[in-house]
Amino acid sequence: MSPLLSVVASLALWVGSALLVASVTIVGPRRLYALWDDLRDRLWEIRKSLAALVVVLIASAIGRGSLQTVSELFGLQLTWAIYALEGNFVAWVQATFGSPELTVYFASVYVYGYVFLLSFPFLAYLALPRTTTVKRLVVAYALNYAIGLALYTVVFAYGPRNVMPDLVTSLLFTHNPEFMALTGEINEPTNVFPSLHTSLSVTVGTFAVLTRREYPLWTPVAAWLATSVVIATMYLGIHWLTDVIAGTGLALGAVYLSYRVVDEDETDGTDEPGVDDAGGGADGAVDEVDAGSEAVGE
Amino acid sequence: MTRQASRRGVLAGVGIAALSAGCLGRTRNIAGRGRSSQLTLEINAPPADRDPNAIRIARHLAENLEAVGIEARINTLGHTDLRRKVLINHNFDVYVGQFREAEPFDPDAMYGFTHSQFVAESGWQNPFGFADINGVDERLASQRRLDGTERREAVAELQRDLGDLQPFTVVAFPDPLTAVREDRFENWTNRQPLSVGGLLGLERADAAAGAGSETESEEGTADGNESDGNESDGNETDDGLIDDNPLADDDGEAGDAATLRLVTTDERITQNWNPIAAEYRRYGTFTSLLYDRLVLVDDGEVIPWLAADWEPVGDAGVEISLRETDWHDGEPVTAADVEFTYEFLQDTSMGTAESAIPTPTFRGRVSAVESATAIDEATVRLTFDGVNEPVGVRALQVPILPKHVWEERTGMATIAGLEFDAETTEAVVTNNEDPVGSGPLRFVEAAPEESVAFERNAGHFVVRTAEESGSDSDASDPLAGVPERFRGKPAFDRLEIEVMGSDVAAVQAVGDGRADATVSNLGPDSVPRIGREADARLVTGQSGGFYHVGYNTRRAPLSNPRFRTVLASLIDKRTLVDTAFDGYADPAASPLAATPEWVPTDLLWEGGETDPLHPFVGEPGSLDVETARDRLREAGYRFDEDGRLLASGT
């Protein structure tokens with residue numbers, strides 16, 4: 001089996017099992033049954049947010065290559081600036097905390113934990129009687145990707161493992177070179193600023209805190225996992241501290257915007273798009289959601 | 001290069017105060033002077049994923065620069081971007097890179113690299129903008145004409161001049177490490193495993209297709225032929241494969257067994273197959289398999305390749321008779337193609353541009369050829385510019401291009417019909433998709449940045465003629481001069497190169513049996529892995545691709561040779577060899593160190609610890625900052641109270 005297939009297969013297996021266990025314990029059978037009965041309606045309700053996310057993902061998949069070329073030719077070459085800003089912080093993290101056990105832990109969190117962290121809330125919030133939260137989550141994902149892609153294009157920078165291999169070991173790929181087959185499919189090595197692993201994890205973590213009354217069990221789990229992923233990006237030598245801080249900022253911004261875009265007042269079960277007309281406007285993707293929902297909503 | 005503080009801001013503030021104080025003249029004298037600020041140097045190098053060694057050299061230099069008070073910025077760039085920046089645009093301070101010769105080379109390789117006649121050209125010609133008219137230029141010219149001890153002396157003087165002036169600092173000659181597995185292909189030489197000769201010399205392993213190879217006895221692959229017992233049965237299969245060669249492609253199983261799979265971290269061969277593109281070629285090994293050269297040099301042996309034979313004509317000419325062979329598109333290779341190639345490499349616009357637009361590679365080689373004239377279909381006469389034999393042989397090693405393809409590419413390069421740059425022809429910038437060469441490999445397909453596939457060219461003269469004549473032919477050997485190890489080759493039907501994310505992933509692919517060998521450089525993280533993989537083995541050889549730190553001598557203070565020699569003494573080559581190369585390299589002072597017969601004893605790195613030219617300032621592994629600063633002070637440079645080296649405010 002090719003390394004890519006085997007990684008994807010094991011990813012599907014592990015994340016699938018984790019989702020099963022988490023759904024039963026955190027979401028609970030009652031809500032799961034309700035979700036099953038109502039699945040089509042709920043998906044229909046959140047179709048616009050989903051469509052926005054799908055559009056962003058497709059644009060990213062198609063346009064990534066050309067945007068990468070644009071970035072190579074015209075992007076700001078800022079590797080040196082990031083290094084000048086934070087110096088050997090990542091090297092210090094590795095030198096201080098590095099141990100084989102932690103490497104195994106952070107490597108699995110970075111790959112398996114991350115995929116679980118991103119997929120579970122979608123399921124959990126979809127199981128809520130009201131679809132506002134899941135809409136916000138999906139919109140926040142889309143915003144993360146869209147803004148992240150724009151920043152990747154503007155900033156051309158390599159991560160610490162590529163710049164100071166004498167101090168920072170590329171722990172993930174040295175110990176699990178097969179993971180490279182997977183990440184290579186998704187990402188370019190110059191896409192380090194901001195860290196999307198950080199921004200999406202912090203996004204999920206923030207939502208987990210905001211929805212702690214619905215899923216009190218999920219909040220500590222998400223917080224733990226999100227923190228682990230954030231540390232993993234640096235511990236594994238993939239991202240700079242600067243990327244992580246920018247990723248966190250991006251996450252908070254995306255959550256804020258998603259609350260502006262998806263209105264709280266929405267009543268469940270109706271076809272009302274519930275999009276705040278005044279919201280957003282700062283970003284193309286937000287405009288897209290706005291414009292799209294207005295057109296359909298009227 | 002220097003960080004400019006805003007002078008306007010200073011002036012605005014100072015101006016008002018000065019006006020009121022009524023000493024405008026004096027203020028003008030002070031504020032009108034450019035202010036000094038710390039010197040900043042940008043060091044360009046490929047990222048670790050692409051080249052694990054270069055970035056370590058860059059880091060080492062940056063660290064020592066910072067220590068003596070020069071701000072160093074490391075700029076990581078992919079191979080293509082780096083080459084574009086350094087070789088094409090000359091828009092750099094310092095770069096770390098490898099010389100473009102895969103194997104130890106003749107001293108004349110320095111001609112294109114350092115002669116001042118090329119300062120205005122882009123490509124591998126003198127990227128430093130270096131000019132030493134009475135020294136280096138003079139030696140370069142005389143070593144071309146002289147023979148014997150006289151040439152040796154000129155070459156020795158050349159190395160001393162280059163050593164004193166340091167347009168670039170030689171760091172080390174890396175061992176060309178390759179992880180290989182031998183269950184499918186064997187005869188990986190410990191010489192140049194991945195050179196043209198190395199790849200053509202490979203043999204199918206017995207285990208792979210149950211096939212013994214015809215020439216294994218000659219080559220004496222001493223290791224790994226234990227299973228000679230099934231020889232007869234093996235030969236049967238092998239003959240079958242060769243006889244129904246056109247059908248072999250259809251047979252999935254056989255095709256797979258006969259596929260040589262290589263892995264690399266260098267994606268360029270999946271994007272561009274232009275043999276003259278300076279940004280995309282590393283050593284040009286694979287384009288040399290696509291495009292035949294007149295002669296092939298393998299381990300110092302000059303092998304008549306596309307040229308069947310040559311005879312001297314007059315004082316400075318040779319008449320070359322070509323082998324009968326076809327381009328990959330079926331057109332015959334003729335003397336007109338050779339004539340065209342040499343003219344075209346001198347001026348890729350073929351006289352249509354205002355001034356000649358020469359090729360960005362092979363300039364040093366073709367500059368030795370005065371003219372090329374087709375005498376008849378299969379004979380071409382080359383007139384040399386009064387050069388000695390080794391330089392003439394180098395001039396015969398350029399890719400011969402099909403006239404009918406490349407004469408279409410002599411126009412100015414355009415983007416959407418608009419001329420972008422009057423100095424560039426289509427030929428220089430084309431990716432040359434579907435390359436039409438005459439070489440033993442032909443292009444099949446590619447997925448950019450992922451993989452590329454080539455197949456064996458069954459019509460190539462080494463294959464065709466080897467089969468036609470058979471072993472018992474009594475007629476004159478049509479492959480005269482071609483060693484047995486290349487006849488009927490390559491041993492693989494298909495060559496696939498896959499791009500991997502890093503050297504570690506590449507070694508892993510060989511260990512897992514997904515690839516037969518690694519192509520790109522291996523760093524200290526990946527080399528130890530080879531030993532841990534049961535089926536992988538480390539082979540190495542001798543490289544000509546020395547790592548060096550190149551300086552843009554167009555820019556102050558890099559224009560000052562005194563400054564450059566201080567930088568050279570900040571590089572601890574011995575320690576770098578141990579840390580950045582895991583010991584798999586030889587530190588060197590001369591760019592010709594791979595051919596020690598050319599290096600005068602005063603420039604040899606006598607196995608000792610110190611550089612014979614510009615010894616490292618300090619003990620191995622620790623820089624003596626004060627001495628280094630003193631050297632800079634002696635050279636006329638100044639420091640501020642914080643120990644920062646000041647650049648004049650220009």
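These legends describe close-up views of a predicted model. Local features need pLDDT of at least 70, side-chain atom pairs count only at pLDDT 80 or more, and totals for chains, interfaces and linings use all residues. Residues are numbered from 1 along each chain as its sequence is written, while chains are lettered from A and ligands numbered from 1 in the order in which they are written.

**View 1. A six-stranded open sheet in chain B.**
The strand order is β3-β2-β4-β23-β5-β24, and the pairing is mixed. Strands (E, at least two residues) and helices (H or I, at least four) are DSSP runs, numbered from the N terminus. Two strands pair if DSSP finds at least two bridges between them. Strands of a sheet pair through backbone hydrogen bonds, either parallel or antiparallel. At the edges lie β3 (71-76) and β24 (585-587) of chain B, each pairing on one side only. Neighbouring strands are turned by 25° against each other on average, direction ignored. Axes are lines fitted to C-alpha atoms, for helices over the stretch in contact; angles run from 0 to 180 degrees between N-to-C directions. Inside the sheet order, β4 (94-98) and β23 of chain B pair in the antiparallel sense over five bridges. Look for B:Y95, which stands opposite B:G550 in β23(B).

**View 2. Helix α23 of chain B and its cover.**
Helix α23 spans residues 561-568. Its buried residues are B:F563, B:R564, B:V566, B:L567 and B:A568. A residue is buried if 20 or more other C-beta atoms lie within 10 Å of its own, exposed if 12 or fewer, and partly exposed in between; C-beta atoms are placed from the backbone. An α-helix has 3.6 residues a turn, so residues three or four places apart point the same way. The cover over the buried residues includes β5 (168-174), β23 (547-551) and α25 (625-634) of chain B.

**View 3. B:L165 in helix α7 of chain B.**
Helix α7 covers residues 148-165. B:L165 counts as buried because 20 C-beta neighbours lie inside 10 Å. Leaving aside neighbours within four places in sequence, B:L165 is in contact with B:D132 and B:P561. Contact means that the two C-beta atoms, placed from the backbone, lie within 7 Å. B:L165 and B:P561 are 396 residues apart along the chain, yet their C-alpha atoms are separated by 5.2 Å.

**View 4. A four-stranded open sheet in chain B, with a helix across it.**
The order is β12-β13-β15-β14, with antiparallel pairing. The edge strands are β12 (307-313) and β14 (369-376), and each pairs on one side only. The twist averages 20° from one strand to the next. Strands β13 (317-322) and β15 (379-384) pair over five bridges. B:I320 stands opposite B:V380 in β15(B). Helix α15 (335-346) lies across β13, β14 and β15, running at about 165° to β14(B).

**View 5. Where chain B touches chain A.**
The contact takes 20 residues from chain B and 19 residues from chain A. On the chain B side, α3 (54-68), β3 and α21 (503-511) give two or more residues. The largest share, four residues, comes from β3(B). The chain B side divides into seven nonpolar, seven polar and six charged residues. Here Ala, Val, Leu, Ile, Met, Phe, Trp, Tyr, Cys and Pro count as nonpolar, Asp, Glu, Lys and Arg as charged, and the others, Gly among them, as polar.
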